[in-house]
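Here is a friendly walk through a multi-chain model, chain by chain and then contact by contact. Keep the viewer open as you read.

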Amino acid sequence: MEYVIEMNHITKKFGEFKANDDITLQVKKGEIHALLGENGAGKSTLMSVLFGLYQPEEGSISIKGKEVKVNSPIDANNYGIGMVHQHFKLVHNFTVLESIVLGHETTKGGVLKMEHAREKIVALSDKYGFKIDPDAYISDITVGMQQRVEILKMLYCDNEILIFDEPTAVLTPQEIEELMKIMKLLVKEGKSIIFITHKLNEIKQVADRCSVLRKGKYIGTIDVATTSKEEMSEMMVGRKVNLVVEKTPFKPGEPVLEVKNLTIKSKSGAKNLVNDVSLTVHKGEILCVAGIDGNGQTDLVYGLTGLEPIDAGQVILNGKDITKDSIRKRSLAGMVHIPEDRHKHGLVLDYSLEENLVLQTYFKPQFQKHGFIRFGEVRKYAKRLIEEFDIRSSKGPTSVARGMSGGNQQKAIIARELDRDLELVVAVQPVRGLDVGAIEFIHKQLIKQRDAGKAVLLVSLELEEVMNVSDRIVVMYEGELVADVKPEEVTVQELGLYMAGTKKMDMRGGKDHE
Amino acid sequence: MNKKNKESFFASEGFMNGMSAIIAIIAGLLIGFVLLLVSDSANAAEGFSAILQGGFSSGMNGIGKTLYIATPIILTGLSVGFAFKTGLFNIGASGQFTAGAFVAIYIGVKWNGLGGMHWVVGLLAATLVGAIFGVIPGLLKAYFNVNEVITCIMMNYIGMYGTNLLIRNTVYDEIRNRTQAVQKTADVPSAGIGEFFGNSSANFGIVIAIIAVILVYVILNKTTFGYELKACGKNKEASKYAGINSKVDIVLSMAIAGALSGLGGALLYLSGSGKFIQVVDVIANEGFTGISVALLGMSNPIGILFAGLFIAHITVGGGNMQLCGFPPEVVDIITASIIYCGALSLLIKLFINKLKNAKKKGEK
Amino acid sequence: MDVIYFIVQQTMFFAIPLLLVAIGGMYAERSGVINIALEGIMVMGAFTGILFISEMGDSMSGQGLLILAILISGATGMVFSLLHAFASINMKADQTISGTALNLFAPAFVIFAARMINGVQQIPFIDSFRIDSVPVLGSIPVIGDMFFKNTYITTYIGLGLYVLAAFVIAKTSFGLRLRACGEHPGAADSVGVSVKKIRYAGVIISGFLGGVGGLVFVVPTSTNFNATVAGYGFLALAVMIFGQWRSGRILGAAFFFGVMKTMASAYTSVPVLKDLGLPNDVYKMIPYIATLIVLIFTSKSSQAPRAEGIPFDRTAR
């Protein structure tokens, strides 16, 4: 039987590290083939090889039975392969039209001629119900819309083999439904789809077959209809995974964090990124702020931690108004922050591990005397944290942070933040991009804090994390809180509706959770 | 060292960096030599040898001259290097240098009754004025997000024209179109150094420069202030997250950088060596040389000390080389080539790796 | 009225080189490469161009000589900029260091070469290019006096190059791809654009315009070349940043600066200003102070090309 894509015995190394180790993948024409694996398993790398971004050390690729060399994205495109990347490859200040034609422009004497392209794009958009505006700027459109632009890029070039790399991370459940419909429509037209994901639900919904990768190795290919989620999960992780997190019963205490009528305006002042938000986090409680990326959660956290100024409202920590306090003061008052972007905020990548571990405490008497750093103490402290939190690195305390793996970088940040005198943990997407083992560890740490009577404000985009870990959930939509529920009282579908703004709870009455 | 230690030493980061620096220096010198050959092959060897010998060819006096020339550029090098470490490109060292120089000369000419403290006051004032000059680009960057490269360039011109204007109205020697002579008490004392080095123009200034090197080293590597400054330079967002006030740190950093350059300006002119500021529309070269020194020294204070000495060495050599008929600009060409080759360190590292692999294959 | 004509004419001589070099810098930076070597490129370009004029002054003259010189200056700039391109793009070197090295190299090399060739470092040339009045156009009242009298062909060539450059970056596929490389090279790479080639093109264009800019600066303003362009390369950088990397705004910034500089050197011809009795140095400082002040107000939302200065590595994780 002829496969439309065959990747045979692909090995791809980065230095000594084997991201892909003798992987074979076979995709049939007209099927939706899922590529399953946890973060770091090698799925994106494998598809980057197919797309010509990387060259494998070993192995071959065949398209429609013929062996080919894919040396660059141009080759891939010539063979009809297109890819929607996990992190969109879009230029922020280009229009939709410019983004789609880039690399395939129609020109006369070098000068751009866009009319024909415009017609074709509008026609494609109508065909699949995309509703895009060709003249909108990428930076102005929603993430869901940006993804459609990425899809249109592929359709514009008449690609037959479409790769989707973790497409649903940024979508609401409803948008995910629509995407699935579109995928099914595309394969009906004869296109073939490879769909990278670590989400079992989605595979069940839309995939025909599924190939599983684990730690760079190929585990096997299964037929989705006849395989259970537990079986797929076990193949993915290599052991039985307890999908439910263990917690002690929920016994909330006094309020620790009180946010009252918080409003943050956008830079231009045109709209409110955070609009009159009020919430409370109690001792011994994990409150999760759920919602689609870009609905104000990031700004809310920036306002709470002091990274951005707020325009109205109050932030009260243990009864003290910290609204106007500096970041340092809030930190010393017991608010610790595990940031969303570990490279932007969480670490100074060019500093060593130990230098990063004292990033929040270097000025304390423990680590300095009269302004001079006490290097011995810093080393001692770092060694202790490395052991307690199992932070792995090439040279221990002196390893440069940049060279550490994502999971260990995140562990370092968490070690640093949780090993302090804290009252409130503000954790934003703390397990993004990490493997199951690291995820379990980090969730355990957060629950440990909660069980010890601390308060945790968790911002998450992963519905499973939201449902499993939190004691209480609030949903943010367009800068406002639209729901306040307990996980046992709500279904994933309902959460999805809140997140999409379709359903709104009456927040003014205020549910009393004392 | 047993074999394993030996291998890891050669593979270490430090060794690689050191080797690429040395290869860059050799490459730069070779380029200079080739230029000499091309233009006048007969005298090329003699000219090149003059450059390499530097001050040594005139014995102690020559070494003294090297120290004298090195002093201001070590300071401007520290100025630029310090700013680099904190993420800023202080291309304004020239303006800060000139501002400091003027103030030092003014005090040297006009102020009386300070006795033995005269030169100290001059140095301190220059340092202060240099700091103020440096603070302006710092403030503009921290609070108005203005690119510091541009503000520094603007300040260089403002400093140059401003100093010329002030000189014309205060300490002007109209006949010779330069500043007037400073009083003897304003000159940095020789403290025996000048005499030791063959009665040259070297003086206590070189000691001050070395003290500055040590101070900068300690601040950057041993203090919490240095920790904050480097964090700001490496990742502004993360330092903000950590509660570091990056705005204040940027301003302080530029203040220190400006102070260092200002001090350099004072040390050049309060030296009893017959140096005067010429009132012309030319931006002080010592500032730009400071950039070379900082780059060659890889922004490391100790490296800057040696880079400053090296550049002074070949500058003195270049002066001697003129006797063979070559323009002294060859020294600048060599310096520029060394910096360029240093930037190609990737190439050099690849080259070293190839050598290592060939050696390994040979051993097998 | 004559004063105004004079100011306009002089402004051209100051503004056009700034404009050309700033646009060149824009091409490099919007392709993703920071090019602070503009000063050095101008010096090298001016050197070869003026040397050509000086040597050929006996056998040729007039506009033809100048046009040839312009081509030579441009070519020199292109070749010199290749050094920066190689270091920045192939070697992924620190672009500030590479640029600084070239800025150091150029004036030293030019003095060295001039001394070796002519014995002195200045290169004098005969200015046979001044156009007293452009035929037909110079006779138009007012406009003719302002723009077509006492001028050089370099002004028109410069403006022509500007229009071409502004058009290319906005309206051609090359321009589109170049802009992508400076903002998000990964996006360009993923659709098959060669980021390396585009960035080379960007730097080479900045080399060409920088070299031409150097010649265009020296010819109308003096009769010999003394191994310097008086910091114009750095000023062009300021103009580029001031103009927010956009052709239209760079035009405005270049002329703003040109007017200021003209005032500084020509104020003695303006009765009002002459009577103020301010020292010459104050006037010289004004363009720089003015730029600082304007920058304070306009830099809040300054947006450099996002990927500039970052060497592109497809495999970077």
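Chain B is built from 15 helices and two strands. Its radius of gyration is 22 Å, close to the 21 Å that the globule rule gives for 364 residues, so chain B is as compact as a globular protein of that length. Please keep in mind that this is a predicted model.

Chain A has 17 helices and 24 strands. For chain A the radius of gyration comes to 24 Å, close to the 24 Å given by the globule rule for 514 residues, so this chain too is as compact as a globular protein of its length.

The overall values for the two chains can be set side by side:

| Chain | Box of C-alpha atoms along the principal axes | Buried residues | Contacts joining residues at least 24 apart, among those at least 6 apart in sequence |
|---|---|---|---|
| Chain A | roughly 70 × 55 × 50 Å | 47% of 514 residues | 67% |
| Chain B | roughly 75 × 60 × 35 Å | 58% of 364 residues | 77% |

**Inside chain A**

How is chain A divided by the domain assignment? Domain 1 covers 5-237, domain 2 is made of 243-334 + 422-514, and domain 3 covers 349-420. Domain 2 is therefore written as two segments, because its listed ranges are 243-334 and 422-514. Between domain 1 and domain 3 of chain A, the C-alpha centres lie 39 Å apart.

One residue to look up in your viewer is Glu489(A), in the loop between β24 (480-485) and α17 (492-499) of chain A. Is Glu489(A) buried or exposed? There are 9 other C-beta atoms within 10 Å of Glu489(A), and a residue counts as exposed at 12 or fewer, so Glu489(A) is exposed. From Glu489(A) to Leu422(A) the separation is 67 residues in sequence and 30 Å in space, C-alpha to C-alpha.

**A helix of chain C**

Now turn to helix α9 of chain C, which runs over residues 195-221.

**Where chain C meets its partners**

Let us begin with chain B. The contact draws on 37 residues from chain C and 37 residues from chain B. On the chain C side, the elements giving two or more residues are α4 (95-118), α10 (232-242) and α13 (280-298). Which of these gives the largest share of the side that touches chain B? That is α4(C), with 13 residues. By residue type, the side of chain C that touches chain B divides into 24 nonpolar, seven polar and six charged.

Chain C also meets chain A, with 19 residues of chain C in contact with 19 residues of chain A. Here α7 (173-183) and α8 (185-190) of chain C are the elements that give two or more residues to the chain C side. The largest share, six residues, comes from α7(C). This side of chain C divides into seven nonpolar, seven polar and five charged residues.

The contacts above are given as residue counts for chain C with chain B and for chain C with chain A. The size of an interface is often given in another way, as the accessible area lost when the parts come together.

Notes. Residues numbered from 1 in each chain as written. Chains lettered and ligands numbered in written order. Predicted model: local features only at pLDDT ≥ 70, side-chain atom pairs only at ≥ 80, totals over all residues. Contact = placed C-beta atoms within 7 Å. Helix = DSSP H or I, 4+ residues; strand = E, 2+ residues; numbered from the N terminus. Nonpolar A, V, L, I, M, F, W, Y, C, P; charged D, E, K, R; others polar. Expected span 1.5 Å × (residues − 1). Rg over C-alpha atoms; globule rule 2.2 N^0.38 Å. Buried ≥ 20, exposed ≤ 12 C-beta atoms within 10 Å, placed from the backbone.
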